[in-house]
Amino acid sequence: MNGQSPRHHAARVEAAITSGQAARSSLVASWRRSSRLHRLDPAGRSSPNRLSEAELHHARERIAPLLAAARGAMDRLYQAVGASGCCVLLADGDGVPVDRRGTPADDATFQSWGLWTGAVWSEEHEGTNGIGTCLVEQRPLTIDRDQHFFTRNTLLSCTAVPIFDHEAAFAGVLDVSSCRADRTDVFSSLIALAAGEAAKRIEADLFRRAFAHARIVLTQAADGQCGGLVAVDADDLVIGATRTARAGLGLAPGRALRPVPAADLLGGDTARDHLAGGQRAVLQRALLRAGGNVSAAAKALGVSRATLHRKLKRFELNAH
């Protein structure tokens with residue numbers, strides 16, 4: 001195992017912990033949690049715990065919206081990395097992979113390592129590893145070979161990215177794992193980039209599904225890049241925002257938003273123009289479909305007749 005015996009790896013882990021490096025190294029801090037908090041032995045040889053089929057079924061049911069939102073992105077990510085001996089895993093908030101993509105020729109190897117649906121990869125059970133440590137730290141990371149806590153996992157290289165739901169709460173982990181010894185640092189960087197982009201697509205799809213009847217507005221970060229997504233209802237109220245958008249707007253993550261006027265929250269001419277342009281088009285379409293009948297258009301939009309008249313006046317639209 002990378003030229004190391006279980007005893008040598010265990011001694012290296014223990015030396016790093018006792019030297020006080022945990023205060024300066026997130027990796028050693030994870031090793032310390034694994035050893036001191038979870039009472040795990042780096043030289044332990046037992047295989048990962050596995051859920052029963054019934055337990056796995058229930059785990060999938062609990063995160064059905066995430067599974068549905070992730071399918072397309074997982075397929076594309078696997079197409080990009082699968083030929084290089086990687087598998088793609090989607091794990092829930094307990095560190096259990098509930099969906100997977102992998103090459104059939106490599107399946108037996110990955111299954112023997114526990115990189116399979118139903119295995120438990122939390123730090124509590126597996127020590128420092130991509131999925132489990134990402135669960136704790138809730139940030140993108142790579143645990144490469146002998147950075148793993150257990151000696152038996154030191155052939156693995158795992159890149160993990162957290163996924164946040166429509167309320168910006170932690171939802172799961174997207175992981176790309178490899179047990180090939182020829183994985184280079186450059187390739188690892190490309191995998192991290194691809195996994196990060198896939199996680200963003202999953203979050204965006206999850207958000208759009210949760211606010212299917214709202215208008216989705218892109219917010220802009222300070223560097224000009226997309227800052228996240230905001231959901232605006234028919235009354236110009238912001239009813240949802242992604243984690244990235246919340247960070248830019250100063251909103252707390254992990255809870256439903258109290259509706260707030262879009263103009264008050266978004267501010268800025270560009271945001272207002274973007275919002276107004278989208279709303280004007282919606283109003284025009286509703287009026288056209290209703291043949292200019294304001295009452296019918298208001299009903300179709302789910303707003304009161306008075307609200308629609310106010311919006312028509314604001315955008316200088318006339319009902320015929």
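How many cavities of 30 Å³ or more does the count come to? I put this to the structure, a predicted model, and noted what turned up.

**Entry 1: the cavity**

I found that the count comes to one cavity of 30 Å³ or more. I then looked up the volume of the largest cavity, and it is about 30 Å³.

Next I listed the residues around the largest cavity: L115, W121, N129, G130, I131, C158, D175 and S177 line it. I also checked which elements contribute to this lining, and α7 (130–137) and β5 (170–178) each supply at least two residues. Sorted by class, the lining has four nonpolar, three polar and one charged residues.

**Entry 2: α4 against α8**

I moved on to a helix pair. Two packed helices are described by the angle between their axes and the distance between the axes. For helix α4 (residues 64–81) and helix α8 (residues 185–210), I noted that the axes come within 8 Å and cross at roughly 155°. Angles over 145 degrees count as roughly antiparallel, so α4 is roughly antiparallel to α8. I looked up the handedness too: the crossing of α4 and α8 is right-handed.

Who makes the contact? From α4 I wrote down P65, L66, A68, A69, A70, A73, R76, L77 and V81. From α8 the list reads I191, A194, A195, A198, R201, I202, D205, L206 and R209.

Conventions:
Residues numbered from 1 in each chain as written. Predicted model: local features only at pLDDT ≥ 70, side-chain atom pairs only at ≥ 80, totals over all residues. Heavy atoms only, no water. Axes fitted to C-alpha atoms, helices over the stretch in contact; angles between N-to-C directions. Helix = DSSP H or I, 4+ residues; strand = E, 2+ residues; numbered from the N terminus. Parallel < 35°, antiparallel > 145°, perpendicular 65-115°, else oblique. Left-handed = near helix turned anticlockwise from the far one by under 90°. Contact = heavy atoms within 4.5 Å. 1 Å grid on protein atoms, 1.4 Å probe; cavity = no way out; pocket = protein on both sides within 12 Å on 5 of 7 lines; lining within 4 Å. Points joined across faces, edges and corners; volume = space filled by probe spheres on them. Nonpolar A, V, L, I, M, F, W, Y, C, P; charged D, E, K, R; others polar.
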